[in-house]
Amino acid sequence: MLPLALILILITVASLYTFVYLKYDPTLTNLEKRLDGMSLAHPLGTDHLGRDILTRLLLGGQQTIGFSALALGVALLVGIPIGLISGYKRGMVDRVFMRIADSFLAFPDTVVAIVLSGLLGPGIGNLVFAIVMVKWVNYARLVRSTVLAESQKEYVLIARTNGLSSFQIMKKHLAPHIIGHVLVMASLDIGKIILLISSLSYIGLGAQPPVPEWGAMLNDSRPYFQSNPELMIYPGLAIVAVVLLTNIIGDYLRDHFDVKKEV
């Protein structure tokens, strides 16, 4: 488990380091060096426009992983409070929030994200917004179900009797019980979000050229798959490696927190 986490951290740190220190301009073309092979100057070679592949691959990780983490973080900030309030207050508040959530759950996540991205227009910002609108629902429902179960237990009833406010009860007594569930779902969800951002960027709804992003790099390299397959293999392997690592870490956390498999 620890080596896997270290590998994932290493990939993230390398991407962030490249964002701070750039040996090559990832958007500057040099047709004289197009499709060069591996060398000391270009460890992974250059692409069809003469740009350094390693630099673009690491910056693509910064884009893909960074915006995936941003989308997940905003979804958590929206979904957790809604789930807490809805599960604790119940009544009309619960019905309104859950009917809104049900409207998003009526269609698969990918379909809703594609529709929203198409309506908002291409761009990584619009794509992140679309993913947030899709993902907050899952966390709101997860937190709500946990709060509904915990709020009927004796320690919560005693807290109410002692005069604690609703905010204090949610903060001190209910929030600690949702951390494990939310952490497990988030660790499994980050891989799905990475795939979603990469796939929608691949079809032109996410990051736009010449911004380096793993899905967009796959799309740019399609015409050269037969002559220079490594142009697609490098970003493809990066996506597979990161998603696989996040899923393995998520499975470990699920076992550690003893969360049911359906989560």
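A patch is made of residues with over 30% relative accessible area and no salt bridge, joining like charges within 9 Å and nonpolar side chains (Val, Leu, Ile, Met, Phe, Trp, Tyr) within 5 Å. A salt bridge here is a side-chain nitrogen of Lys or Arg within 4 Å of a carboxyl oxygen of Asp or Glu. In this predicted model, local features need pLDDT of at least 70 and side-chain atom pairs pLDDT 80 or more, while totals for chains, interfaces and linings use all residues. Residues are numbered from 1 along each chain as its sequence is written, and side-chain values use heavy atoms, without hydrogens or water.

With that in hand, look at F107, V111, V115 and L119: they form a nonpolar surface patch of about 410 Å² (Shrake-Rupley areas, 1.4 Å probe, with only the protein chains shown counting as cover for residues). L119 belongs to helix α4, residues 109–120. L119 counts as exposed because its relative accessibility is 70% (exposed is over 50%, buried under 20%, partly exposed in between).

## A buried alanine

Now for A159, found in helix α6, residues 154–161. A159 is buried, at a relative accessible area of 4%. Leaving aside residues up to four places away in sequence, A159 touches L164, I169 and H173 (contact means heavy atoms within 4.5 Å).

## The chain as a whole

The protein chain has 9 helices and 0 strands (DSSP runs numbered from the N terminus: H or I of at least four residues, E of at least two). Of its 263 residues, 43% are buried. Among contacts with a separation of 6 or more, 70% join residues 24 or more positions apart. The chain exposes about 13500 Å², and carbon and sulfur atoms supply 68% of that area.

Terms used
Buried < 20%, exposed > 50% of the residue type's maximum accessible area, 1.4 Å probe, protein only.
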